[in-house]
Amino acid sequence: MAWRVLEIDDRQWNVSVSEERRAHSDHWNLVLAFRAVGGGTPSVWAEYPLSASSRSTLLQQAERIPDERLVEVLADRLR
């Protein structure tokens, strides 16, 4: 199930979130996955500049990201 659904250029994108922790780091980083509804376009992955010491805190912070900012991140990756 998508975390959020966005629309860009008349196309809908499902957004999923994931948490990533690198070796020797105490912080979790937010990673976004964008998948076009209906397929036909490769998935787009983007690390978002947000980190926290716990996964739950990171996901709480992610909830406050406005859709407009997510659209910007996806548009930058599609260029």
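Here is a short walk through this structure, which is a predicted model.

Let's start with the nonpolar core. The largest one has 21 residues, and those that touch the most other members are Trp13, Leu30, Leu32, Phe34, Tyr48 and Ile65. Where do the residues of this core come from? At least two are supplied by each of E1, E2, strand E3 (28-36), strand E4 (44-52), helix H1 (55-62) and helix H2 (67-78).

Now pick out Phe34 and look around it. Setting aside neighbours within four places in sequence, Phe34 is in contact with Leu6, Trp13, Asn14, Val15, Ser43, Val44, Ala46, Leu70, Val73 and Leu74.

Next, find Arg4, in strand E1 (residues 4-8). Is Arg4 buried or exposed? Arg4 counts as buried because its relative accessibility is 12%, and buried means under 20%. Its side chain reaches the backbone oxygen of Glu63 at 3.0 Å. A polar atom of the Arg4 side chain also lies 3.5 Å from the backbone oxygen of Ala62.

Finally, move to Glu20, which sits in strand E2 (residues 11-20). With a relative accessibility of 32%, Glu20 counts as partly exposed. Leaving out residues up to four places away in sequence, Glu20 touches His27, Trp28, Asn29, Val31 and Glu47. How far apart in space are Glu20 and Glu68? The two are 23 Å apart, C-alpha to C-alpha, and 48 residues apart in sequence.

Definitions and conventions: Residues are numbered from 1 along each chain as its sequence is written. This is a predicted model: local features need pLDDT of at least 70, side-chain atom pairs count only at pLDDT 80 or more; totals for chains, interfaces and linings use all residues. Side-chain values use heavy atoms; hydrogens and water are left out. Helices (H or I, at least four residues) and strands (E, at least two) are DSSP runs, numbered from the N terminus. Buried means under 20% relative accessible area, exposed over 50%, partly exposed in between (1.4 Å probe, protein chains only). A polar contact is a pair of N or O atoms within 3.5 Å; within protein, one must be able to donate a hydrogen and the other to accept it, and residues adjacent in sequence count only if both atoms are side-chain atoms. Contact means heavy atoms within 4.5 Å. A nonpolar core is a set of buried Ala, Val, Leu, Ile, Met, Phe, Trp, Tyr and Cys residues joined through side-chain atoms within 4.5 Å.
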